[in-house]
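These are my notebook entries on a structure that I went through chain by chain. I record what I looked up and what I found.

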Amino acid sequence: MAHFEKANSIGEWFDQRLATKTLERVLAKEYWIPKDINFLWAMGMVLAITFGILLVSGIFLLMYYQPNVDTAFDSVNYTIMQEVGFGWLWRHVHAVAASVVFLIIYIHMFTGIYYGSYKKGREIIWVSGMLLFVAFSAEAFSGYMLPWGQMSYWAGMVITNLFSMGSLEMNGVVEWIRGDYVPGQAFLTRFFMLHVLLIPVAILALIGIHFGALRIPHVNNQNGEELDYEVEAEKYKSGNKAASKVIAFANDFMSKDMFVVAVYLIFFFYLTFWNYSFAMDPVNFDPADGLKTPAHIYPEWYFLWSYEILRPFSKDIGLLAFAFAQVIFVLLPWLDRSPNAVPASRRGLFKYWFWIMLANMIVLTTMGKLPPEGINNTIGLVSALLFIGQWLALPFVTMFEKKV
Amino acid sequence: MKEFIVLGVVVFFSVLTYWLVEPFAHGQMHKHVDSHQFQYADLPAVTKQGDATAGKDLVMGAGACSGCHSIEADGVPAMMEPDMAAASYGVNPPDLSNAGAIYDAKFLTDLIKNPAHALKVEHKFDPASGAMHPMVPFYGAGGDMDQEVADMVAYLQSIAVKPSEVTSKMAFENACGRCHAMKYANWTQMGETPNFKYKKDALRYEARVLDYQDSLKKYMGKLPPDLSMYTRSRNHHFLSTFIEDPQVHLAGTAMPRVGVTADGADKVLTYLEEIGDPSKANGDRDRIGMYVMIFSLIFAIFAYLWKREIWKDLH
């Protein structure tokens, strides 16, 4: 038994037992963030808040949702939307947050690419971030199954079909995933489990790794400047805060984060109350019907670019292209051969690579939604080829970059 | 300053993506159909002034309307239960009490003379092939047929409530409710489902509803969909133009043009929203939305003041 003095305050009592003062110092007061940053550095906090909103609203919905093919649709659209007080509010918050979280993820991701924040010790941050993207995608997809509307059913049908691996016709795998020949009760219950337990747990673990991986290489800054954190921290601690190039995580960085979060919440709640149809597809308000295929089946907006990489090709090539698109972002830190971890604007050819990639992904996103006919097919094919070509070219684009 | 440029870039690409995906691409999934404000321009104009008293005689007598239709408002009860009527006619013929207030006069006039034409189901009911519409056309009672039809329409208008007194529920039940169920309003094609004390009575009633639906399936080709969530699954413009003329959206559909007035169509759509999305219909969403926006604004102001306070020493 260790020796304990009698505590003089509640704070001290906790400090003796949990080392709260040390925790506060390590996690907040002396966790150093560069000062030269802009509001894009708050996207991590915006994502954390959005995930929190999803978690809380999800808990409320979970109290009334029924994962049964006969009652799921009504439990969402009648019980939650009409009978439960403010059920409609939680459902709209959950649905809109699930869509907006991807907007922020994409902004966060392209910020990382633009500022080169995946290199020089930050590889684990990048890889864990991409794994979070995969986990959020799986979470979004499994959640989309739950209202058991027409889009739930048919998206479930189409996506699970991908696992037959084209001409390999591995239909046994598809049946194993579905637990049935077509999406049915077994399918709904297991995607319910994935949505409310397994994937959220994985996301929480990945968030832990993502945050932890940030600790040693520190957050990047707007100019890719290499900082001597010990020297800068000394300046800060000696009271010369204005001259120091670092700030403390809390409350310095946090106060700016919270302002960005507040502005974001205004935008978020505007969407929740008045402009939600982009996140709640009308087709999914028709109950699932295995005998009636909707005229158009399309994924939510955040999957459209990868859907469009699958679509313009023949079955097997399309699947290969799709698989390529899913994994290639993870490899970015190694495909980028340049020694520079600075903003794209200072990196020669990479600057063009970045903006073309961004624009092309928006083109792919648009084409993924447009009906596949006429000129749309050609544009989609060219865009998909450009996407693949850009990634194949990346090592050569960056190889000859001069050190800045 | 630089921060605003960065914000501008982010907002630009976000808005561009939104615009391309939603208004632009989503807008191309359905063909655009213009509304004609429920003018029914294809139907002949009504030229005669009707006389309600003469119309009553025709409706009850030579016109033989009351042989199939009930007119509860004028003391003519239904001769059969809805399920039996559906078994005989395919669908339960409507009660005519408020037809004059909900349906367009031009439409009623044409309907009496040539039901399949007014309903736009001539592709389905072609006398040449022996497929007669279950409603027998009025062939005239010996006088001026146009005058007689005008009299009958005048009679229907005289017994109906004023158009302004038609509720959204009445409009739905009259115009849609004999083919479409609305389970979130406790409504089947048989009407509002009563409460039963004993389960066997509830099951008997349910079996009758299923019988009705079977008759309807035979008549329509498939069971018309439940409309509970149509206010969310279809947009307002689509529903409105679909009600005005189903054939424009879905050529060859068995669904008849129901011939409601513009006001009647509005009321049907209002009812769909009241039942399918009550938190929008009753204003809760707007009201609570405003509170949340006010809260968020105040939160943003305090967050900004806090940031300024903290960053005072950092610059």
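**Entry 1**

I take a helix to be a DSSP run of H or I with at least four residues, numbered from the N terminus. The model is predicted, and I read every entry below with that in mind.

With that definition I looked up A:Asn251 and found this residue in helix H11 of chain A. The peptide bond that leads from A:Ala250 to A:Asn251 is cis, and its omega is near 5 degrees. I then turned to A:Ala19, which is not a glycine and yet has a positive phi of about 55 degrees. A:Ala19 sits in the loop between helix H1 (10–18) and helix H2 (20–29) of chain A. I noted both features because most residues other than glycine have a negative phi, and most peptide bonds are trans.

**Entry 2. Overall form of each chain**

For chain A I counted 16 helices and two strands. The radius of gyration of chain A is 24 Å, close to the 22 Å from the globule rule for 404 residues, so chain A is as compact as a globular protein of that length. I read the span of its C-alpha trace along the principal axes as about 70 × 60 × 45 Å.

Chain B has 15 helices and two strands. Its radius of gyration is 26 Å, well over the 20 Å that the globule rule gives for 315 residues, so chain B is more spread out than a compact globule. Along the principal axes, the C-alpha trace of chain B spans about 100 × 55 × 40 Å.

I also looked up the domains of chain B, and the assignment gives domain 1 (31–281) and domain 2 (283–315). The C-alpha centres of these two domains of chain B are 53 Å apart.

**Entry 3. The two domains of chain A**

The assignment divides chain A into domain 1 (26–220 + 235–296) and domain 2 (298–404). I find 22 Å between the C-alpha centres of domain 1 and domain 2 of chain A. Their contact involves 33 residues of domain 1 and 36 residues of domain 2.

How much area is buried between domain 1 of chain A and domain 2 of chain A? The value is about 3,100 Å², and carbon and sulfur atoms give 69% of this area. On the domain 1 side, A:Phe110, A:Tyr114 and A:Lys119 lose the most area to domain 2, together 22% of what that side buries.

I next looked for charged pairs and found one salt bridge between domain 1 and domain 2 of chain A. In the salt bridge of A:Lys119 with A:Asp336, the side chains meet at 3.2 Å, N to O.

On the side of domain 1 that touches domain 2, helix H5 (87–114) and helix H6 (123–145) of chain A each supply at least two residues. H5(A) gives the most to this side, with nine residues. By class, I note 21 nonpolar, seven polar and five charged residues on this side of domain 1.

**Entry 4. Chain A against chain B**

I then moved to the interface between the chains, where 56 residues of chain A are in contact with 53 residues of chain B. The buried area is about 5,100 Å², with 71% from carbon and sulfur atoms. In chain A, A:Phe39, A:Trp274 and A:Lys369 lose the most area to chain B, together 11% of what that side buries.

How many salt bridges are found across the interface of chain A and chain B? There are four. One that I looked up joins B:Glu3 and A:Lys256, whose closest N and O atoms are 3.2 Å apart.

Helix H4 (72–83), H5, helix H11 (249–274) and helix H15 (349–369) of chain A each supply at least two residues of the side that touches chain B. H11(A) provides the largest share of that side, 14 residues. H11 is also the helix in which I had placed A:Asn251. The side of chain A that touches chain B divides into 37 nonpolar, eleven polar and eight charged residues.

Notes
Residues numbered from 1 in each chain as written. Chains lettered and ligands numbered in written order. Predicted model: local features only at pLDDT ≥ 70, side-chain atom pairs only at ≥ 80, totals over all residues. Heavy atoms only, no water. Domains from an automatic or database assignment. Contact = heavy atoms within 4.5 Å. Buried area = accessible area lost by both parts, 1.4 Å probe. Nonpolar A, V, L, I, M, F, W, Y, C, P; charged D, E, K, R; others polar. Rg over C-alpha atoms; globule rule 2.2 N^0.38 Å.
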